[in-house]
Amino acid sequence: MPSIVRLPTAAARTDTPIIPRSLLPFWLGDMGEQQLLTPGQDWLAIIKRPTQAAFASAFTDGVILDTDVTNEPIRGTVALRDFFDATRAMYDSIGFVHEINAGSRTCLEWEGKFQDKDVAGTTILNRDPTGAIESIRLYHRPYHQVLAFSVELSRRMAEIRYLPSLPNR
């Protein structure tokens, strides 16, 4: 069984491993520290953008999210932001553990807690030739958490979509 090596962490950013240049593979070349990101860092920055316009600028107009926790795809940036605003608030904790980039695709593996139980999954981002995200595939596991998450998400999305308008005074 291979042993686990724990890397030292930076004082300023304790969640980011510092990898000595001597341990980097030769094919990375002279890669600056700015390029050594934690898994999911770019994706989280998009999800946390403060305005709808800033959020939408990362996606194509026809962006689509396919996921196992909804009955149909989520289409468009407004619905997409509603989805991620709702789901971000549902997790007790969540963190990306692996990121793989290959051409126009980014595959993110994540782990977390939902209703005090383990949940994990994969987020796959597909970009168009300009770099805008055109599709997202989001998968959860285990199955009992897919069902529980889906029920809670449906309740929250109904609240977002069907909030009664305030009367004009």
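# Exercises on a predicted model

Element by element, mean confidence is lowest in α4, at 91, and highest in β5, at 98. The model is predicted.

## Exercise 1. Confidence

Task: find the mean pLDDT of the chain, then find where pLDDT stays under 50.

Solution. 
- Step 1. The mean pLDDT of the chain is 82. A value of 70 or more is reached by 74% of the residues.
- Step 2. Residues 1–28 stay under 50. The model has 21 contacts beyond four places in sequence for them.
- Step 3. Residues 165–169 also stay under 50.
- Step 4. Where pLDDT is low, predicted coordinates should not be read in detail.

## Exercise 2. Layout of the chain

Task: count the helices and strands, and give their order.

Solution. 
- Step 1. The chain has 4 helices and 6 strands.
- Step 2. Starting at the N terminus, the order is α-α-β-β-α-β-β-β-β-α.
- Step 3. Turn to burial. Of 169 residues, 33% count as buried.
- Step 4. Residues 24 or more positions apart account for 43% of them.

## Exercise 3. The nonpolar core

Task: name the residues that touch the most other members of the largest nonpolar core, and say which element gives the most to this core.

Solution. 
- Step 1. The core has 29 residues. Trp43, Phe59, Leu65, Leu80, Phe83, Phe84 and Ile136 touch the most other members.
- Step 2. At least two core residues come from each of α1 (41–47), β1 (59–67), α3 (77–90), β4 (105–114), β5 (117–127), β6 (133–141) and α4 (143–161).
- Step 3. α3 gives the most, with 5 residues.
- Step 4. Take Leu80. Set aside its neighbours within four places in sequence. Leu80 then contacts Phe55, Phe59, Val63, Leu65, Ile74 and Ile136.
- Step 5. Nonpolar side chains tend to be buried together in soluble globular proteins.

## Exercise 4. Aromatic pairs

Task: count the aromatic pairs, then describe the Trp43 and Phe84 pair and the Tyr91 and Trp110 pair.

Solution. 
- Step 1. The structure holds 7 aromatic pairs.
- Step 2. Trp43 and Phe84 lie 5.4 Å centre to centre, with 85 degrees between the planes. The pair is edge-to-face.
- Step 3. Trp43 is in helix α1 and Phe84 in helix α3, 41 residues apart. The pair thus links distant parts of the chain.
- Step 4. Check burial, with a cut-off of under 20% relative accessible area. Trp43 has 5%, so it counts as buried. Phe84 has 7%, so it is buried too.
- Step 5. For Tyr91 and Trp110, the ring centres are 5.7 Å apart and the planes stand at 75 degrees, so this pair is edge-to-face.
- Step 6. Tyr91 sits in the loop between α3 and β3 (93–102), and Trp110 in strand β4, 19 residues apart. Both Tyr91 and Trp110 are buried.
- Step 7. Now look for a cluster. Ring pairs link Trp43, Phe55, Phe59, Phe83 and Phe84 into one.

## Exercise 5. Helix α4

Task: compare the span of α4 with the expected span, and list its buried residues.

Solution. 
- Step 1. α4 has 19 residues. Its first and last C-alpha are 26 Å apart, close to the 27 Å expected at 1.5 Å a residue.
- Step 2. Gln145, Val146, Phe149, Ser150, Glu152, Leu153 and Met157 are buried in α4.
- Step 3. Recall the helix geometry. An α-helix has 3.6 residues a turn, so residues three or four places apart point the same way.
- Step 4. Find the partners. The buried residues of α4 pack against α3, β4, β5 and β6.

## Exercise 6. Backbone exceptions

Task: locate the cis peptide bond, and say where Gln115 and Asp116 are found.

Solution. 
- Step 1. Most residues other than glycine have a negative phi, and most peptide bonds are trans.
- Step 2. The bond from Arg141 to Pro142 is cis, with omega near -5 degrees. Pro142 is in the loop between β6 and α4.
- Step 3. Gln115 has a positive phi, near 50 degrees. Asp116 has a positive phi of about 65 degrees.
- Step 4. Gln115 is in the loop between β4 and β5. Asp116 is in the loop between β4 and β5 as well.
- Step 5. Gln115 is partly exposed, at 45% relative accessible area. Asp116 counts as exposed, at 68% relative accessibility.

How values were computed
Residues numbered from 1 in each chain as written. Predicted model: local features only at pLDDT ≥ 70, side-chain atom pairs only at ≥ 80, totals over all residues. Heavy atoms only, no water. Core = buried A, V, L, I, M, F, W, Y, C linked by side-chain atoms within 4.5 Å. Buried < 20%, exposed > 50% of the residue type's maximum accessible area, 1.4 Å probe, protein only. Contact = heavy atoms within 4.5 Å. Expected span 1.5 Å × (residues − 1). Phe/Tyr/Trp six-rings, centres within 6.5 Å; stacked < 30°, edge-to-face > 60°. pLDDT = per-residue confidence, 0-100.
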